[in-house]
Amino acid sequence: KIAGHLDGADLGVLAAYFVLVFAVGIWSSCRNRGSVGGYFLAGRSMSWLPVGASLFASNIGSGHFVGLAGSGAASGISIAVFEFNAAFTLAFLGWLFLPVYIASGIVTMPEYLRKRFGGQRIRVYLAIVALFLYIFTKISADLYAGGVFIQQSMEISMYPAVIMMLAIAALFTIMGGLIAVIWTDFAQTIIMIAGALYLSIRSFQVLGGFDSLVVNYFNAIPNTTRVYQSTSFRPSAAIGVYEPDLYGKTSDRDIILLAAEPKDQGTGIYAECSIPPSDAMNFFKAIESTDLPWTGAIFGLTVNATWYWCTDQVIVQRCLAAKNMVNAKGGIVFAIILKILPLWLMVMPGMAARILFADTVACGSAPLCAQICGKVVGCTDIAYPSLVLNLLPSGARGLMLAVMMASLVSSLTSIFNSSSTIVTIDIWKLIRPRARDAEIMIVGRVCVLVLVGISLAWIPIVQLSDELFDYIQAVTGYLAPPICATYVMGIFWKRTTEIAVFAALVIGLVIGVTRFAWEISYGSTPCGQISSNPPHFLITMHYLHFSILLFGISVIIILCASLMTRPLSPKHTRRLVFSDRHAAFDPKLDAPQLTIVSDEEKEVWMAEGEELKPHYPWWRTGINWLCGVEGMQDQREPVFTADEAAELLEITQAQMSTRETRKEKFA
């Protein structure tokens, strides 16, 4: 049982955190409020430091603290391969994918696909799929992880705490747009790293150092398993002087279990449960491993990571907000460095939690696990909360709770902003192509409110899910490969056609959903029990191996179908593929179409706007200010003078430039 609790000092630190982060959000929300570009891309004004911090914070949510620590407690350091692979694929983003995105002048990823392939069906398809992934995987995972931590630490219902954090996240997003999100991420990244570093050092201090952690981890076996050592056995020639070997083969342990006296037949049922794996200190495991086989970790994980880090709206949007290519790449390099930290800040502390709290964190009895954490399949998810509430002094516990809330709010604000961008740019403008900026801004805010409502409605499902973290990983492995193949082939092969891509997406979706539905139909078998209906080989295949297979199928479909269909016109490849990213900027093709008037006509137009400007009551004025549209009430088509048009053209050309000059600095 977790014995720690929060006191007055902890609550004071927690309150100070909310005041600090809210102040950062309010300050940043007063900047870049009055335009669509300012709201969704932070006015393309961000330097490398906040961009890199936002990339890290957007990815490291509360699910990482709970999930990575739990995986470390269950199976060792191999889960850190996910973080190292992310650092590798981030380099793909900065040097292969991002130059194409910037040259194309896009705001959202589905918008890129519309420009690249023409038509709307792929763009709308991926926009809807992305929204479903955001709502039912990313938000769900963070709510689940945050709920676990809050329930363990504050001993209150999850609903009030989650609603409060959702409200704060939505408020930041509604008021300030992406610039508020990025600066909030920057502040919370500092808090997350500082707090997690303190707990990591404290964990090593309690255990006596790294060497002691390694030795004691392999002996961190719960009492439900150790009772097997005292089981009495009747003499048998089949056993002889055979002694129980906790790392022996399954057949060896079956002999021992069957040789027990009748009255002790049930005492050894958990003998195989919650035993630390012998390869816990290996990053790469055997190809037949059910944990993380090396082939899946190298190839399959790279497919899924490329989808997430190189094509996901949440990640790419932060890089597009950089003021130039130099700052975008600088932010990516900073994020790569930060991705080395989770091994020491989350995975290792999770292993320490198993050592210190083996009977709870590593419980091996399904009924006992249900009493400890409400899950029959294991309680490794409480590893990080166990450390926080039992190792840290007063005040520090509040700081770490603030870290968890910071990671949750950070992840939610990023998802809310990116989701509203997709809805407004990819769906709403398709429905209303002549929608004004003010309307787009309001729709973006309303989208955030809708996402909050859906998230709250999803909380009961989150509470009932026993293996939500594995569920999230499986969904990614089954849906990501066709999308990854679409972007890879579209960016690096000019001959790729729209029909081929759409066919690969549909066929890949059918295959992935079929595998996933087939897998969950078997359910999970708690340790100590034998499944009476063993799954088929296609189901037992590791999901990372399945990702390799599905990616290969998708690529083959795109190759064959593209060669059998008519090539796309040059307008669908100009500045839209890697080989053409440095094509000369053409104002007629690449710049927005503007209405140019004389200075006198612009003054008349401005005067007419003042006369037509509506006068609202105070409450309506307040709502307009909250939505950032107080200066966007003019419904007329905007006009520009020759000087304004030239300045806008110069800005557009600079934003779409992929060339890096010596004059550009990390300012």
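Arg-397 and Asp-10 are both buried. In this predicted model, the side chains of these two residues, Arg-397 and Asp-10, meet in a salt bridge with an N to O distance of 3.2 Å. Because Arg-397 belongs to helix H19 (residues 396-431) and Asp-10 to helix H1 (residues 8-29), the pair ties together parts that lie 387 residues apart in sequence. A search of the whole structure finds 4 salt bridges, and two others are described next.

Glu-83 forms a salt bridge with Lys-339, and the closest N and O atoms of the pair are 2.3 Å apart. This pair also links distant parts of the chain, since Glu-83 is located in helix H5 (residues 81-104) and Lys-339 in the loop between helix H14 (325-338) and H15, with 256 residues separating them. Glu-83 is buried, its relative accessible area being 4%. Lys-339 likewise counts as buried, at 1% relative accessibility. Both values fall under the 20% limit that defines a buried residue.

A further salt bridge joins the side chains of Glu-498 and Arg-121, at 2.6 Å from N to O. Glu-498 is part of helix H22 (residues 498-520) and Arg-121 is part of helix H7 (residues 121-154), so that parts 377 residues apart in sequence are tied together by the pair. At 12% relative accessibility, Glu-498 counts as buried, whereas Arg-121 is partly exposed, with a relative accessible area of 42%. As a general principle, side chains of opposite charge can pair when their charged atoms come close.

In soluble globular proteins, nonpolar side chains tend to be buried together.

Met-346 is found in helix H15 (residues 342-356) and counts as buried, at 2% relative accessibility. With neighbours within four places in sequence left aside, the contacts of Met-346 are Ile-60, His-64, Phe-65, Leu-68 and Ala-69. Met-346 and Leu-199 are 147 residues apart in sequence, and their C-alpha atoms are 9.3 Å apart in space.

Asp-381 lies in the loop between helix H17 (366-373) and helix H18 (383-391). Asp-381 is buried, with a relative accessible area of 13%, and is in contact with Val-66, Tyr-144, Val-148 and Lys-375, leaving aside neighbours within four places in sequence. Another loop residue, Arg-575, is situated between helix H24 (543-563) and helix H25 (587-590). The backbone of Arg-575 has a positive phi of about 60°, although this residue is not a glycine. Arg-575 is buried as well, with a relative accessible area of 5%.

Helix H9 (residues 210-217) has two sides. The buried residues of H9 are Leu-213, Val-214 and Tyr-217. Viewed down the axis of H9, these buried residues fall within an arc of 95°, and they therefore line one face of the helix. On the other side of H9, Asp-211 and Val-215 are exposed. An α-helix has 3.6 residues a turn, so residues three or four places apart point the same way.

Phe-284, Ile-287, Trp-294, Ile-298, Phe-299 and Ile-548 make a nonpolar surface patch of about 550 Å². Helix H12 (residues 294-311) gives the most to this patch, with 3 residues.

How values were computed. Residues numbered from 1 in each chain as written. Predicted model: local features only at pLDDT ≥ 70, side-chain atom pairs only at ≥ 80, totals over all residues. Heavy atoms only, no water. Patch = residues over 30% accessible without salt bridge, like charges linked within 9 Å, V, L, I, M, F, W, Y side chains within 5 Å. Areas by Shrake-Rupley, 256 points an atom, 1.4 Å probe, with all protein chains shown as cover. Helix = DSSP H or I, 4+ residues; strand = E, 2+ residues; numbered from the N terminus. Buried < 20%, exposed > 50% of the residue type's maximum accessible area, 1.4 Å probe, protein only. Contact = heavy atoms within 4.5 Å. Arc of directions from axis to C-beta.
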